[in-house]
Amino acid sequence: MARRRQLYEGKAKILFEGPEAGTLVQYFKDDATAGNGAKKGTITGKGVLNNRISEYLMMKLAEIGIPTHFIRRLNMREQLIREVEIIPLEIVIRNVAAGSLAKRLGIQEGTRLPRSILEYYYKNDTLGDPMVSEEHITCFGWASTQDLDDMVALSLRVNDFLTGLFLGVGITLVDFKLEFGRLYENDEMRIVLADEISPDNCRLWDVKTGEKMDKDRFRRDLGKVEEGYQEVARRLGILPEAGVRDMKGPETVQ
């Protein structure tokens with residue numbers, strides 16, 4: 001087991017120093033949280049599935065020219081990524097009313113929106129990731145107007161592509177969260193897609209039945225959480241042949 005220095009641990013992933021300058025190793029955990037950490041638990045095999053699903057989707061997006069931090073998958077739970085300066089924002093793209101939008105505006109969950117809606121949230125666990133406006137973002141210097149323009153353009157392209165991809169396997173992409181980072185190369189900076197794309201940060205419903213196949217099964221105590229994640233991987237054709245096996249992370253060096 002490789003000995004690596006741990007740089008950061010979040011709710012669902014751990015970042016370790018990479019084998020080369022400018023790279024990191026992203027390790028996917030089975031830990032699950034909801035309500036800004038108020039509810040905690042474990043979804044067996046989630047890390048393995050999210051690693052595979054995110055790898056697949058990042059590679060598909062790269063094929064259409066979306067720049068990402070993803071380099072390659074290393075094993076069942078780890079992937080090699082480019083080191084980026086994370087922009088402290090979450091962009092949420094909503095196609096169907098669900099979750100906080102339905103509750104906040106009194107819209108029946110499952111209502112198809114007239115057009116996709118983009119929302120900005122400030123990444124701060126202590127504050128509960130509050131919703132913010134473009135004015136807040138530029139005023140406090142979290143991102144420039146050009147950064148935002150790039151992030152919005154990329155988000156809309158990602159939404160268009162993933163909506164079609166999931167629809168092709170009988171899944172409605174209800175809403176999802178994206179994060180971006182600044183990648184510095186040869187004295188140039190560009191905005192790239194970062195973090196992950198998986199049932200942890202997407203709402204994915206069966207087109208015919210409306211069955212949820214994402215973390216809402218954990219949030220709402222619906223049961224069969226692992227099966228929901230597995231079904232997404234199965235429909236994408238990437239469920240590991242040997243099933244979901246465990247793999248420990250690298251030994252940490254402090």
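Author: Happy to! Let me start with a convention for charges: Lys and Arg count as positive and Asp and Glu as negative, while His and the chain ends are not counted. On that basis the protein chain carries 37 positive and 40 negative side chains, and the centres of the two sets lie 5 Å apart. Please keep in mind that this is a predicted model.

First, the setting. The protein chain has 6 helices and 15 strands. For 254 residues, a compact globule would have a radius of gyration near 18 Å, and the protein chain agrees with that because its own value is 18 Å. Its C-alpha atoms fill a box of roughly 50 × 50 × 35 Å along the principal axes. Buried residues make up 49% of the 254 residues. The accessible surface comes to about 12,500 Å², with 48% of it belonging to carbon and sulfur atoms. If we take contacts between residues at least 6 apart in sequence, 60% join residues at least 24 apart.

The domain assignment gives domain 1 (6-82) and domain 2 (85-223). Their C-alpha centres lie 17 Å apart, and 29 residues of domain 1 are in contact with 28 residues of domain 2.

Now to the part you asked about. Aspartate 214 sits in the loop between strand E14 (202-206) and helix H5 (216-219). Is aspartate 214 buried or exposed? Its relative accessible area is 0%, so aspartate 214 is buried, given that the cut-off for buried is under 20%. Which residues does aspartate 214 contact, leaving aside neighbours within four places in sequence? They are Pro199, Cys202, Arg203, Leu204, Trp205 and Tyr229. Proline 114, by contrast, is 100 residues from aspartate 214 in sequence and 24 Å away in space, C-alpha to C-alpha.

Two of those contacts, Pro199 and Leu204, lead us on to valine 232, which also touches Pro199 and Leu204. Valine 232 is found in helix H6 (residues 225-236). At 0% relative accessibility, valine 232 counts as buried. Not counting residues up to four places away in sequence, valine 232 also touches Ile53, Phe166, Ile171 and Met213.

For comparison, here are two loop residues with a positive phi. Aspartate 129 has a phi of about 50° although it is not a glycine. Aspartate 129 lies in the loop between strand E10 (112-122) and strand E11 (131-132), and at 12% relative accessibility it counts as buried. Asparagine 186 also has a positive phi, near 50°, and is likewise a residue other than glycine. Its place is in the loop between strand E12 (171-185) and strand E13 (188-194). Asparagine 186 is exposed, with a relative accessible area of 75%.

One last stop takes us back toward the start of the chain. Glutamine 6 is found in strand E1 (residues 3-9). With a relative accessible area of 23%, glutamine 6 is partly exposed. Leucine 24 is 18 residues from glutamine 6 in sequence and 9.8 Å from it in space, C-alpha to C-alpha.

Technical notes
Residues are numbered from 1 along each chain as its sequence is written. This is a predicted model: local features need pLDDT of at least 70, side-chain atom pairs count only at pLDDT 80 or more; totals for chains, interfaces and linings use all residues. Side-chain values use heavy atoms; hydrogens and water are left out. Helices (H or I, at least four residues) and strands (E, at least two) are DSSP runs, numbered from the N terminus. The radius of gyration is taken over C-alpha atoms; the globule rule is 2.2 Å times the number of residues to the power 0.38. Buried means under 20% relative accessible area, exposed over 50%, partly exposed in between (1.4 Å probe, protein chains only). Contact means heavy atoms within 4.5 Å. Accessible areas come from the Shrake-Rupley method with a 1.4 Å probe; for residues, only the protein chains shown count as cover. The place of a charge is taken as NZ of Lys, CZ of Arg, CG of Asp or CD of Glu. Domain bounds come from an automatic or database domain assignment.
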